[in-house]
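Dear colleague,

I am handing over the structure we spoke about, and below it you will find my notes on what turned up when I went through it. Please read them with the model open beside you.

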Amino acid sequence: MYAPDSPDLTATSSVVAGEDGVWLTDLAATPRLNRAMRDWTRSFFTALNGYGIDAVAAFSTELKDGDTSVDAGIAQRGPDGDPILLPTPSLQTNFSPTSTAFWRQVHADCAAVMSDAGIQPYLQMGEVQWWYFPNDGTDPPDRPPYSGMPYYDDYTTTQFEATYGRPMHVFLDNTADPADFPDEANFLASLLGAYTDNIIAYVLTSHPTARFEVLYPFDVNQSSFNKAVNFPASSWTPATLTCLKTEGLGFTFTKRLDASEEGIDLGAVLGFPAAQRSHLVGLGDSTASWLKEARIASGKGFESVVLFALDQFCLIGYPVPMPASPRRAIRFRP
């Protein structure tokens with residue numbers, strides 16, 4: 001307070017301590033991408049286009065402020081109904097019509113932004129899969145467990161029972177043999193395929209020249225059951241996708257170059273020619289095998305090799321162009 005006839009100035013606070021509210025994504029907002037994101041992304045893509053650089057925009061099924069309630073209907077859930085919350089932090093969303101309606105508009109909004117920037121829309125359905133573990137994937141002992149695998153939201157369980165006339169088997173972990181549960185494996189993969197099919201068809205109605213790719217993280221899909229439910233082979237084909245992108249960050253950072261190369265070759269087995277394959281490499285320090293991994297993928301004539309991520313690349317300060325292999329051929333005469 002300040003009194004005009006007094007030389008003294010007294011400050012008082014009227015601020016009352018409070019708590020941050022609960023923020024939830026508006027699943028019905030149109031456009032789904034807010035103004036700040038649209039403006040920044042358009043500017044970024046416009047700059048890339050000015051340099052003649054093509055670009056892909058990626059969306060996974062992780063939602064930072066996703067509504068975990070049963071009524072919202074978008075959460076992947078364990079057998080006990082627990083929502084699959086990841087340490088990113090985010091909610092892992094499911095493949096119900098409600099979730100699909102939200103995400104397909106996200107992709108369509110981004111296609112419009114890319115088109116405005118002068119780039120032919122190219123959309124990646126990122127880690128669009130059933131969550132891989134019966135826990136959040138962090139290192140023990142801080143790894144909080146879920147009640148089991150994430151296949152038990154209301155839509156999925158209801159549709160399975162309507163299709164097969166029985167409840168879905170309760171999978172507590174990802175070690176089941178899919179041959180022992182063919183109904184479950186086929187059904188779960190079909191929901192994933194229908195989800196991406198729906199997004200592609202929706203975007204093509206407004207952007208008929210849009211391109212699409214999926215990201216397949218082979219390091220977290222090593223179990224037979226994960227492989228069965230997380231790659232819908234009838235939907236993810238060379239005829240449907242512009243590109244199949246693989247990545248295996250876990251193998252890169254644990255220096256398992258042989259395992260990385262097996263993942264790099266995955267697309268060939270599935271019928272994707274080199275021109276329709278890409279590989280994402282996680283940047284690391286000089287002790288990791290990321291540069292060799294990038295060279296292997298590049299040597300196979302892939303559409304692209306992606307170094308993840310730009311901020312790490314810039315902060316570390318790696319030189320460009322990337323250094324060539326120091327190997328050289330030497331011929332010895334007897």
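Met 114, once its neighbours within four places in sequence are left aside, is in contact with Phe 45, Ala 55, Val 56, Ala 57, Ile 119, Pro 121, Tyr 122 and Leu 123. Please bear in mind throughout that this is a predicted model. Met 114 is also, together with Tyr 151 and Phe 225, one of the residues with the most contacts inside the largest nonpolar core, which has 57 residues. The elements that give two or more residues to this core include helix 1, helix 2 (97-116), strand 5 (122-125) and strand 6 (211-217), while helix 4 gives the most, with 9 residues. There is also a second, separate core of 8 residues, and among its members are Trp 290, Leu 291, Phe 313 and Tyr 318. As a general background to both, nonpolar side chains tend to be buried together in soluble globular proteins.

Trp 40 lies in helix 1, and it counts as exposed because its relative accessible area is 58%, where the cut-off for exposed is over 50%.

Ser 260, which is found in helix 7, counts as buried because its relative accessibility is 0%. Its side chain makes a polar contact with the side chain of Glu 293, at 3.4 Å, and, leaving aside neighbours within four places in sequence, Ser 260 is in contact with Phe 218, Phe 251, Thr 252 and Glu 293.

Most residues other than glycine have a negative phi, and most peptide bonds are trans. Lys 255, in the loop between helix 6 (249-253) and helix 7 (257-264), has a positive phi, near 65°, and at 47% relative accessibility this lysine counts as partly exposed. A cis peptide bond joins Thr 30 to Pro 31, with omega about 0°, and Pro 31 lies in the segment before helix 1 (35-50). Another cis peptide bond joins Thr 88 to Pro 89, with omega about -5°, and here the proline sits in the loop between strand 3 (85-86) and strand 4 (90-92).

With best regards

Notes:
Residues numbered from 1 in each chain as written. Predicted model: local features only at pLDDT ≥ 70, side-chain atom pairs only at ≥ 80, totals over all residues. Heavy atoms only, no water. Helix = DSSP H or I, 4+ residues; strand = E, 2+ residues; numbered from the N terminus. Buried < 20%, exposed > 50% of the residue type's maximum accessible area, 1.4 Å probe, protein only. Polar contact = N/O pair within 3.5 Å; in protein donor to acceptor, adjacent residues only side chain to side chain. Contact = heavy atoms within 4.5 Å. Core = buried A, V, L, I, M, F, W, Y, C linked by side-chain atoms within 4.5 Å.
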